Amino acid sequence: MDDEVPVGRVMPPRSQDELLTRARALAGHPLATIAKRHAMPVPSTFRRAKGWTGTLVERALGATATSRAMPDFPHLGVELKTLPVDDRGRPRESTYVCTAPLSAADLGTWVDSWARRKLSRVLWVPIVGDEEPGARRVGAAFLWSPTAEESEILEADWDELVALLALGDLTRIDGRLGKALQVRPKAADASARTWALDESARWVRDHPRGFYLRPSFTGALLARELLLPR
DNA sequence: ACTTGATCATAC
DNA sequence: GTATGATCAAGT
């Protein structure tokens with residue numbers, strides 16, 4: 001019944017507290033219920049709707065729509081990430097972070113990297129279950145910033161990966177590298193190409209890639225949150 | 001079973 | 001093509 005109350009555009013939250021409160025109010029609800037409130041269609045599969053969950057939760061929480069190269073909540077400096085988990089709370093997928101630069105001119109330091117900034121403050125929203133999209137339920141969201149230990153791991157991975165990218169050693173970089181952060185293809189399909197610098201500093205065309213967080217890393221965040229909620 | 005590489009939709 | 005949001009599905 002209250003599922004049928006039409007809700008217009010949700011205003012951006014004014015504080016991290018307000019954001020977290022809103023997110024936690026979604027806990028336990030099936031995605032179909034939330035979709036109905038926001039007049040969004042519910043796909044029967046993710047096959048052609050891979051970003052549906054993320055877009056749905058963005059709307060439900062009042063994130064700025066389709067903003068570019070900005071946090072989901074610019075005023076709060078918070079990035080929103082939905083995280084699919086199984087019924088035991090284990091992540092089902094890796095988490096996309098950002099594009100991996102393939103040209104040395106774009107490579108800076110970890111501290112001023114796009115990856116570090118995006119991961120400096122994240123609202124994780126677990127999505128529980130392996131049923132069809134509409135039947136999956138929202139879990140208990142939480143705000144996260146890397147601990148000193150997590151930050152060290154991320155920085156070490158980033159340094160290792162970016163060193164290879166800076167050397168133009170594109171044939172040596174693949175998804176096997178990195179304890180928490182990895183580099184994998186990120187494109188419409190395998191034919192996509194972008195400009196990159198090879199080991200001889202010559203411009204070549206290669207597959208666009210992105211940084212991703214491994215499920216083992218996000219799983220550890222979830223486990224820690226369960227033990228020591230902040 | 002898990003991971004890496006491939007892929008899907010949309011805005012600009 | 002690049003950026004946003006991710007999951008699919010082949011390979012090991």
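Me: How do the residues of the surface near DNA strand B divide into nonpolar, polar and charged?
Reply: Five are nonpolar, two are polar and ten are charged. Ala, Val, Leu, Ile, Met, Phe, Trp, Tyr, Cys and Pro count as nonpolar, Asp, Glu, Lys and Arg as charged, and the others, Gly among them, as polar. A residue is near a strand or molecule if one of its heavy atoms lies within 4 Å of it.

Me: What sort of model is this, and what are the ground rules?
Reply: This is a predicted model, in which local features need pLDDT of at least 70 and side-chain atom pairs count only at pLDDT 80 or more, while totals for chains, interfaces and linings use all residues. Residues are numbered from 1 along each chain as its sequence is written, chains are lettered from A and ligands numbered from 1 in the order in which they are written, and side-chain values use heavy atoms, with hydrogens and water left out.

Me: OK, back to DNA strand B. Which residues are the closest?
Reply: Lys-50, Gly-175, Ala-187, Ala-190 and Arg-214 are the closest of the 17 residues that surround DNA strand B. Strand S6 (residues 181–185) gives the most to that surface, with three residues. Strands (E, at least two residues) and helices (H or I, at least four) are DSSP runs, numbered from the N terminus.

Me: How much of what lies within 4 Å of the protein is sugar or phosphate?
Reply: For DNA strand B, 51% of the atoms within 4 Å of the protein belong to sugar or phosphate, and the rest belong to bases.

Me: Which polar side-chain atom lies 2.7 Å from a base nitrogen of DNA strand B?
Reply: One of Arg-184. Lys-50 also has a side-chain N or O atom 2.6 Å from a base oxygen of DNA strand B.

Me: Which element gives the most to the surface near DNA strand C?
Reply: S1 does, with four residues. Helix H3 (52–61), strand S1 (79–85), S2 and helix H4 (114–119) each supply at least two.

Me: What does Lys-50 do at DNA strand C?
Reply: A polar side-chain atom of Lys-50 lies 3.1 Å from a base oxygen of DNA strand C. With Lys-118, the polar side-chain atom is 2.8 Å from a phosphate oxygen of DNA strand C.

Me: New topic. How many aromatic pairs are there?
Reply: Four. Rings of Phe, Tyr and Trp (its six-membered ring) pair if their centres lie within 6.5 Å; planes under 30 degrees apart count as stacked, over 60 as edge-to-face and the rest as tilted.

Me: Why is the pair of Tyr-96 and Tyr-212 edge-to-face?
Reply: Their ring centres are 5.4 Å apart and the planes are at 65 degrees, so the pair is edge-to-face. Tyr-96 is in strand S2 (residues 95–100) and Tyr-212 is in strand S9 (residues 209–213), so the pair ties together parts 116 residues apart in sequence.

Me: What sits over the ring of Tyr-212?
Reply: The charged end of Arg-184, 4.2 Å from the ring centre. A charge sits over a ring if NZ of Lys or CZ of Arg is within 6 Å of the ring centre and within 35 degrees of the ring normal.

Me: Is Tyr-212 buried or exposed?
Reply: Buried, at 10% relative accessibility. Buried means under 20% relative accessible area, exposed over 50%, and partly exposed in between (1.4 Å probe, protein chains only). Tyr-96 is partly exposed, at 24%.

Me: Last one. What does Glu-150 touch?
Reply: Not counting residues up to four places away in sequence, Glu-150 touches Trp-144, Ser-145, Phe-217, Leu-221 and Arg-224. Contact means heavy atoms within 4.5 Å. Glu-150 lies in helix H5 (residues 148–166) and is buried, with a relative accessible area of 9%. A polar atom of its side chain lies 2.9 Å from the backbone nitrogen of Thr-147.

Conventions. A polar contact is a pair of N or O atoms within 3.5 Å; within protein, one must be able to donate a hydrogen and the other to accept it, and residues adjacent in sequence count only if both atoms are side-chain atoms.
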